[in-house]
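Here's a quick briefing to read with the model open beside you. Take it topic by topic and look up each spot as you go.

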Amino acid sequence: MCIRSSSGDWGVFVQTLIISCFIALIQFTSASLLDKLQNNYLVSDFHELIRTDPVANSTLQLRSCTLFVPTNAAVRKYNGTILVSYHMATVPMTVRQLTKTIPSDFEGNPLLYITRNRKGEVYVNNAWINQTESTEIVTQENKRQVMHVINDVLVPLTLLPTARTQVTNPNAWEFLQQSDLFDVQENRLRTYRSQVTLMRKESLYQSPGGHTFFIPVDEGFKQTTRSSLVDRKVIDGHVILNSVLFSAAQSTEDTHTTAAFEDNIKVTVNFYYDNDKKLYVKSNTLVGDSKHSTGVVLAQVLKANIPVSNGVVHLIHRPLMIVDTTVKQFLESFQSLVDNKNGALRRFYEVIMEIGGEVLDDINSLGDVTILAPSNEAWNASNIENIIGNREKMRDIVNMHIIKGRVDVEKIKQSNENMIGQFPTIHSSTFLYFNVNGDDTNEVVTVEGGGVNATIIVPDIAQTNGFVHIIDRVLGVPYTTVLGKLETDPMLSDTYRMGQFSSFNDQLNNTQRRFTYFVPRDRAWQKTQYDYPSVYKKLFMKDFAYHSRCIMERHLLIADDIYTMKTLAEMTKKQNDSIILPTFRDSLKIKVEEEVENLHDDDSTSWTGYVILWNYKRIRVFRPDVECTNGIIHVIDYPMLEKKDIVVSGGSYQLHSNFCIVFANFIILAIAKNLF
């Protein structure tokens, strides 16, 4: 009976399994992808386009295929005619099976390009594939079909309606040669095409395979001499060989070598987005020669991601590599180019003109000059809006962004190694202080001026008489408290850390107070590591937080107003002796003297700085008068430490231990007397 019962159960199980498999097969087998599209609310708009396209309908009914389906949001954002056939390919491919290039069903079978980035993301042309929405089916006619949902419409290169010549699936040279026939908006490419022909570089644009081509439009050659500077090396610098770079698929951190990368000249390229989401391309001539200056050239991408049979083309507003404008002319270009009305430094130029425009003449008269130019977004901060109408104040702020002389990142790095890292601006008594963090592959350069820390987001834009660096904040307009400054300034992280674990920092966010804080920079604390190795270690231990707090209290002045270094120097001079200042730690007795020093060994630039004389020590003020919203910071090169601080910090723990030992011995002796 048992055996029969088991056999019966087994039969039922097999029968159920067969039915389940049959149901699953029915579910897997569908009439076509049209059914999937119809039931997917994300892509209903594209379903409607296919439904009204007889060729696409026939394909989905009768053939195997791969279908790239833009979301409703992508379809509604796109203004032109959507070509359904360019979203289809004859060979069915899952995400894993997608090859680098796929022939589309569009007339002439132009290629679709597949990019896989380091994050594991997959793109078709400039559209991201949402892999979680990919679907595979087998139709009733046993045809395999795959659907991938994408976030952008795929746009092939198409002819203008007025074109009388038929051009099918052109390569980059054919596109350049017959660009007037194609729909590339109002852009014309005749000047650059003439130079490519003159330099006999047609073969570079005819190269089979997959490459990236940057082509400057005629608007970028308004300067009549510029076209003559487009030589063979410059043309090479506009081509990235063996890499098809659609903009959305690329990280702005990725640097790509161009065809102009050899022993005597080395040029790289990477993409850059400003805060208005405008796309730029940067060429960086790392190694140049007498005809090709080192430095960055920034060009706005006017029309991106044009697919051709041997790669992708990006139209740019000016040629790369060519340095032929002064700093003044570069800034003025943000007015003269209509396409640049939303350019990276449009707002900076407008501010200069709002305060009268004389700054441009000053820049021109300086000879070599370097500009730290805030991005458009930087000017939107609320604290800037409050003073934007004050012409005198704004003139001072703009001057704070201008350095006389050529200062590129390499020079900044060299000065940083020498522990100088500071450059005078044309604003009286204002310096810019630079800091370099990270390695060559992940390098971040910051600049501090007038209490504001900014990051250089586009360095070394080269001009004939200097450099422009784009930064992410406006200098000279404080936007944070003393605590916020400590927290964000990369030179002050050790003082911030000490203040955190001793709870000393809590008070520094109080906007009702006015603080004057002498803050040792990180290298100042590092010096104490060599002078007093044991105390340095203990200063950063929580067990010694009390002692760290006591030391910092000596550095923080308590008063109704702030003390600038100039004020302190004048007080010392008037007193003709030490001055006594009220601090959290009783009082501080110091002298402040002015001194003149040469900034750099390679020039005669000098500056008037300050030195604090305290307890027989000469402590240099590295950065005076760093303004904050609730006070002022003076960055110093050595902490105000006394010998007794070290004895207390180093010996208190031992004193406590010794006391415990003596007390324990006393108890033992007392017990022994009672017992014996």
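How many bridges pair strand β28 with strand β29, and in which sense do the two strands run? The answer is five bridges, in the antiparallel sense. Keep in mind that this is a predicted model.

**Strands β28 and β29**

- β28 covers residues 617–628 and β29 covers residues 631–636.
- Getting from β28 to β29 takes a hairpin with two residues in the link.
- Tyr 616 lies in the loop between β27 (606–614) and β28.
- Tyr 616 has a phi near 70°, which is positive in a residue other than glycine.
- Is Tyr 616 buried or exposed? Tyr 616 is exposed, because its relative accessible area is 86% and the exposed class begins over 50%.

- β4 (residues 101–103) and β5 (residues 111–116) run antiparallel and are joined by three bridges.
- Look for Thr 101 facing Tyr 113 of β5.
- β5 also pairs with β6 (residues 122–124), antiparallel again, through three bridges.
- Here Thr 115 has Tyr 123 in β6 as its bridge partner.
- Five residues separate the strands in the β5 and β6 hairpin, and Gly 120 there has a positive phi near 90°.

**Helix α21**

- α21 runs over residues 565–575, and its buried residues are Met 565, Leu 568, Ala 569 and Thr 572.
- Why do we say that these buried residues line one face of the helix? Viewed down the axis of α21, they fall within an arc of 100°, so they line one face.
- Asn 576 follows α21 and has a positive phi, near 55°.

**The cavity**

- Searching the whole structure turns up one cavity of 30 Å³ or more.
- The largest cavity holds about 50 Å³ of space.
- Its lining is made up of Val 297, Leu 298, Arg 318, Ile 322, Val 323, Asp 324, Thr 325, Phe 330, Ile 461, Ala 462 and Gln 463.
- By residue class, that lining splits into seven nonpolar, two polar and two charged.
- β14 (295–308) and β21 (452–463) each give at least two residues to the lining of the largest cavity.
- Which element supplies the largest share of that lining? It's β21, with three residues.

**Cysteines**

- How many disulfides does the model contain? The count is zero.
- Cys 65 has a relative accessible area of 0%, so it is classed as buried.
- Cys 550 is buried too, with a relative accessible area of 9%, because the buried class covers anything under 20%.

**Residues with a positive phi**

- As background, most residues other than glycine have a negative phi.
- Ser 503 is an exception to look up: its phi is positive, near 60°, and it isn't a glycine.
- You'll find Ser 503 in the loop between α17 (493–501) and β23 (515–520).
- Ser 503 is partly exposed, with 39% relative accessible area.

**Contacts across the sequence**

- Lys 413 belongs to helix α15 (residues 409–417).
- Lys 413 counts as partly exposed because its relative accessibility is 21% and the buried class stops under 20%.
- Between the C-alpha atoms of Lys 413 and Asn 435 there are 8.1 Å, with the two residues 22 apart along the chain.
- Thr 158 sits in the loop between β8 (144–150) and α6 (172–177).
- With a relative accessible area of 25%, Thr 158 is partly exposed.
- Thr 158 and Phe 182 are 24 residues apart in sequence, while their C-alpha atoms are 5.9 Å apart in space.

Note on methods
Residues are numbered from 1 along each chain as its sequence is written. This is a predicted model: local features need pLDDT of at least 70, side-chain atom pairs count only at pLDDT 80 or more; totals for chains, interfaces and linings use all residues. Side-chain values use heavy atoms; hydrogens and water are left out. On a 1 Å grid over the protein atoms alone, a cavity is a set of points where a 1.4 Å probe fits but cannot get out, and a pocket is an open set with protein on both sides within 12 Å along at least five of seven lines; lining residues have an atom within 4 Å of a point. Grid points are joined across faces, edges and corners, and a volume is the space filled by probe spheres set on the points. Helices (H or I, at least four residues) and strands (E, at least two) are DSSP runs, numbered from the N terminus. Ala, Val, Leu, Ile, Met, Phe, Trp, Tyr, Cys and Pro count as nonpolar, Asp, Glu, Lys and Arg as charged, and the others, Gly among them, as polar. A disulfide is a pair of cysteine sulfur atoms within 2.5 Å. Buried means under 20% relative accessible area, exposed over 50%, partly exposed in between (1.4 Å probe, protein chains only). Two strands pair if DSSP finds at least two bridges between them. The arc is that of the directions from the helix axis to the C-beta atoms.
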